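Here are my notes for your first look at this one. Keep the viewer open while you read.

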Amino acid sequence: MERFKASLLKEILLLLHDKVGLLLMYLMPLLLVFIITIVQDSAFRLVNENRLDILIVNNDKGHLGDSLVQSMKNAGSFKIDVKKGIDERQLANLTLEGSKLATLFVPSNFTQSLSSNSQRISNAMLSEFGMETEPRSNKGNQNAIEGGVKLIFDPVLQESFQVTLINNLQTMISGIESKEMIRQLYADMGYDEIPAKILKELNRNRTKIEAKPAMSGESAMIPNSTQHNVPAWSIFAMFFMVISLGSNLVKERLSGSFVRLQTIPGSFLHAMFAKITVYSFVALTQLMIMFAIGVYIFPLIGLPKLNLPSHIFPFLLISILSAMAAISYAAMVGTYAKTQEQANGFGAISIIIFAAIGGIWVPSFVMPDYMVMISKLSPLHWCLEGFYSLFLKDGSWDQLTGPVVYLIVFTVLCQFLALWRLRRQHYI
Amino acid sequence: MTEQKNTSHIIKVSGITKRYPKAESNSLTEVSFDVFRGEKLGIFGPNGAGKTTLISILSGILPKSSGEVHYYIDNQSANFKKILPKIGFVPQDFALYQELTATQNLRYFGKMHGLKNPELEQKISSLLAILGLDHVGNRKLASFSGGMKRRINLAIGLINDPEILFLDEPTVGVDVQSKVAIMSLLNELNAKGTTMIYTSHHLREAEDFCDRTLLLDNGKIIAEGTLNDLLKQHNAESLEDLLINLTGKALRD
């Protein structure tokens, strides 16, 4: 026990002396989690809180252009600014010069065009029922495109937002078209307007879509940038200990300290065990600090609060397994690297690659299929999968089987390779 | 130079050979010799002769490819595990933690040897005082000169009061004052019974220090005996002459 305590003290003193390593393990991930969460939170808000800024140039001479504008306002999906009397040719410049991400152009004949189409359909339907009516407009045969709206996008707007906007617009125009067609039918049958009872039924019978994230429990966790970024960058931070632990191991090997320990019976394993203990403490404090910031600091600066998982034991298990995987990987790099530069360079680059393919920066579900397969090679992916199950899906044991098995296998493999190498070098 | 002090074996080396993986030739070939209790055995030879490999095998750091090494405690054969706690090792490298203070280094290695307080603290104070480092015990080694680090390197090897001390170039790169301090401490310890196996390129220092000499070249023993006997046998005036006579003037890698 005295040997273990002495080794523990030595490791703590060495760690406290490694200022760069401490900064990399504690400060860098904090900065990253703040910066990335703030940036991603804006994107999440853009999608989830629907704050897409749109300019509507409504040149429609009829009332349906106003209906469209009102529908878009009512949808609450957009931040809308309305202008009138702007020429179609000025639209592109207006979008590029302005702060709006898209401009919707409603032509002057929008109402006329929609009414003509509706009248044409109404006439056709009544004709089918043997109720011939006198056409009230001779423009019913005109092409609908003539009165179509135009949408001009800022080139920076992502395609997914463009598709979302087009779909929203299509739905609203369809609604207006349907209502106009029914109004036309009633008009052709001699009514001035759609009876209030029918109008009420039309509005009431719309099929509702209830959307919510998949969860195994009853937790009310809402996926947001915090729920992704805090665990993701905590994992990154833990694995970045390869710089500190890896170079610490190389230094001890190259300085001859390990050789000296070889001549002291039993001391080498005590030294290694103390190293693992200290770095386990580092990894778990990294997690605690990052999670505490997510819970207590993020809400203070307007970011979503981190909701901790309700299943405590799976949460502890994934945290410990992630820490052990990170330590084992760092130990493996430290035992194989020939110089400190090699350990630092390879260690850092390998973790960045593991992070990139493992879904730390961009979630793996948005990657192409082959990248999703490749991402499974990254230990960070499995740590993240475990935390995703806990943080985003409020996961239970069943959902954690994959990450738990992979992380145990990865840890054992890294430790085996590290011990094999140390044995080959006669340290143990 | 003194004569052999004791005829009881402490180490008996029989035909050890060492070949490193992927090496084209042996680093040591059929090396056999005895080490007697309380003697100061010097192992000399040009670069690449196999001196460090031999010391590493004897101190249990490297495995041998073949051959036998027997250790003795009180004239009884003992296995290596029993002899290991009685071994002190002073490597050529600064095998210490530069980020820690001199005292912290000594305390760490002392505790790894199983030493306990207050004996350990007394031992640390005593070693620091003997080696003239008591005023810098709480300074980090990174701020030490080469000579001071070399003295701490030796102090760590002595922390467990070893019966057998392996010294791989203990005075390389140090000033004359540090060299005198180190050699005088080693002589003092030897006088108290510590057996020493020593390598060095400082041949003048070795002439004064060693009781017996082992000359190695290309992994083989080319001469063994007291320095006086060897000088007479090979008609040489000094250890340097002897080495040049036996190994030639060609430069070694």
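The points below go from the overall picture to the details.

1. First, the ground rules. This is a predicted model, where local features need pLDDT of at least 70, side-chain atom pairs count only at pLDDT 80 or more, and totals for chains, interfaces and linings use all residues. Residues are numbered from 1 along each chain as its sequence is written, while chains are lettered from A and ligands numbered from 1 in the order in which they are written.

2. Chain A has 16 helices and 4 strands; helices (H or I, at least four residues) and strands (E, at least two) are DSSP runs, numbered from the N terminus. Of its 428 residues, 39% are buried, meaning that 20 or more other C-beta atoms, placed from the backbone, lie within 10 Å of the residue's own.

3. Have a look at β3(A), residues 102-106: 5 of its 5 residues are buried. A102(A), L104(A) and V106(A) point one way, T103(A) and F105(A) the other.

4. Who are the partners of β3(A)? Strand β1 of chain A (residues 52-58) pairs with β3(A) in the parallel sense over 5 bridges, and there I56(A) stands opposite L104(A). Strand β4 of chain A (residues 150-153) pairs with β3(A) in the antiparallel sense over 4 bridges, with A102(A) opposite F153(A). Pairing here takes at least two bridges found by DSSP between the two strands.

5. Next, two helices of chain A: α12(A) (residues 312-336) and α13(A) (residues 340-358). Their axes come within 9 Å and cross at roughly 145°; axes are lines fitted to C-alpha atoms, for helices over the stretch in contact, and angles run from 0 to 180 degrees between N-to-C directions. A330(A), V333(A) and G334(A) in α12(A) meet A343(A), F346(A) and G347(A) in α13(A), contact being C-beta atoms, placed from the backbone, within 7 Å. By class, this contact has 4 nonpolar, 2 polar and no charged residues. Ala, Val, Leu, Ile, Met, Phe, Trp, Tyr, Cys and Pro count as nonpolar, Asp, Glu, Lys and Arg as charged, and the others, Gly among them, as polar.

6. Over in chain B, 6 strands form an open sheet with mixed pairing, in the order β6-β7-β8-β3-β9-β10. The edge strands, β6 and β10 (220-225) of chain B, each pair on one side only. Inside the sheet, β3(B) (residues 40-44) and β9(B) (residues 212-217) pair in the parallel sense over 4 bridges, and G42(B) stands opposite T213(B). Helix α1 of chain B (residues 51-58) packs on the sheet, touching β3, β7, β8 and β9 of chain B.

7. Where do the chains meet? In all, 25 residues of chain B are in contact with 19 residues of chain A. On the chain B side, β6 (87-90) and α3 (102-112) each supply at least two residues, and α3(B) gives the most, with 4. That side has 16 nonpolar, 4 polar and 5 charged residues.

8. Finally, the largest nonpolar core has 139 residues; among the members touching the most others are F239(A), A326(A) and I197(B). A core is a set of buried Ala, Val, Leu, Ile, Met, Phe, Trp, Tyr and Cys residues joined through C-beta atoms within 7 Å. Its largest share, 13 residues, comes from α12(A). A second, separate core of 18 residues includes V57(A) and F78(A).

Conventions
Two residues are in contact if their C-beta atoms, placed from the backbone, lie within 7 Å. A residue is buried if 20 or more other C-beta atoms lie within 10 Å of its own, exposed if 12 or fewer, and partly exposed in between; C-beta atoms are placed from the backbone.
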